[in-house]
Amino acid sequence: MANKVAIAIGAHPDDIEFYMAGTLLMLKKAGYQTHYLNLASGNCGSADYNGATTRSIRNTEARAAAKTLAASFHPPIADDLEIIYSLELLRALAAIIREVKPKIVLTHSPQDYMEDHTNTCRLAVTAAFARGMPNFRSSPGRPVGDYEVTVYHAMPHGLCDQLRRRVIPGAFVNTTSVHRTRREALAAHKSQQGWLDVSQGLNSYLLAMEDMSLELGRMSKRFKHAEGWRRHLHFGFCGADTDPLAKALGKNYLINKAYERSLERGN
Ligand SMILES: [Zn+2]
């Protein structure tokens with residue numbers, strides 16, 4: 001099947017740039033049509049402006065970031081801290097999946113430091129699962145499709161789960177050649193650079209992303225900058241060995257042997 005389409009589904013404006021944008025850019029280079037969706041508007045991301053103003057500022061920033069990534073922008077369907085695993089959001093996300101018909105879904109880790117991220121992950125997984133089920137109604141209603149989709153989970157923030165346990169990637173993507181563009185897309189979220197310094201003590205917004213990508217590069221022992229991924233179990237999605245990132249990215253994709261060994265050990 002020739003549907004070379006990928007969608008990144010993040011929780012907040014800038015999450016795609018932090019965890020997934022390098023891979024999205026590499027897929028673009030490999031001939032994929034790419035899509036950009038943050039489920040939440042980012043309305044809580046300011047101590048200076050009210051929710052409506054912040055939502056509007058962040059919408060403009062996210063659209064600029066998507067443009068830098070040359071990805072199709074989809075508007076958010078919720079507000080911050082309101083990404084609940086709910087039927088309403090599931091129906092809305094199922095409609096987007098049915099329109100986009102992705103071969104690859106990039107989304108958050110099932111384990112992560114905040115619930116908006118983990119709920120985004122759960123919603124993305126179920127919306128992808130429901131792509132071909134006519135008796136599940138999307139909102140708005142969209143025709144179902146019969147095609148394979150592979151879901152990949154990004155690294156959690158801080159490379160550990162909410163119980164502080166380390167999470168290692170199942171595979172690395174070499175993002176070195178697109179790092180500048182990824183950084184440029186992150187820099188489009190201008191309102192967040194000062195805000196995160198205040199709220200989370202990150203001394204630099206751009207450096208936080210840079211540190212993570214260099215750390216993953218070091219872990220790969222091959223690439224300078226990298227993003228890490230874990231592939232969702234295939235049942236209901238695709239073939240057991242289907243790994244379209246490997247196919248699309250070739251030498252820029254590296255299976256993490258340490259992760260494969262941990263799978264065999266069952267931990
Ligand atoms: Zn987030």
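View 1. Asp15 counts as buried at 4% relative accessibility, where buried means under 20% relative accessible area, exposed over 50% and partly exposed in between, with a 1.4 Å probe and protein chains only. The model is predicted, so that local features need pLDDT of at least 70 and side-chain atom pairs count only at pLDDT 80 or more, while totals for chains, interfaces and linings use all residues. Residues are numbered from 1 along each chain as its sequence is written, and side-chain values use heavy atoms, with hydrogens and water left out. The zinc ion is coordinated at 2.1 to 2.6 Å by His12 (ND1), Asp15 (OD), Asp15 (OD) and His117 (NE2); donors are N, O and S atoms within 2.8 Å of the metal (3.2 Å for Na, K and Ca), and sites may look incomplete because water is not among the atoms. Along the chain the donors of the zinc ion follow the spacing H-x2-D-x101-H, and His12 is buried, with a relative accessible area of 10%.

**View 2. Donor angles at the zinc ion.** The arrangement is irregular because the four donor atoms around the zinc ion subtend angles of 54 to 136°. Four donors count as tetrahedral if all angles lie between 85 and 135 degrees; four count as square planar and six as octahedral if opposite donors are over 155 degrees apart and all others between 65 and 115, and anything else is irregular.

View 3. Glu17 lies in helix H1 (residues 15-19), helices (H or I, at least four residues) and strands (E, at least two) being DSSP runs numbered from the N terminus. Glu17 is buried, with a relative accessible area of 0%. The side chain of Glu17 makes polar contacts with the side chains of Tyr36, at 2.7 Å, and His189, at 3.2 Å; a polar contact is a pair of N or O atoms within 3.5 Å, of which, within protein, one must be able to donate a hydrogen and the other to accept it, and residues adjacent in sequence count only if both atoms are side-chain atoms.

**View 4. Strand E1 and its partners.** Six of the six residues of strand E1 (residues 5-10) are buried, so the strand is largely enclosed by the rest of the structure. Strand E1 pairs in the parallel sense with strand E2 (residues 33-38) over six bridges, two strands being paired if DSSP finds at least two bridges between them. Gly10 has Asn38 as its bridge partner in E2, whereas Ala8 stands opposite Leu106 in E4.
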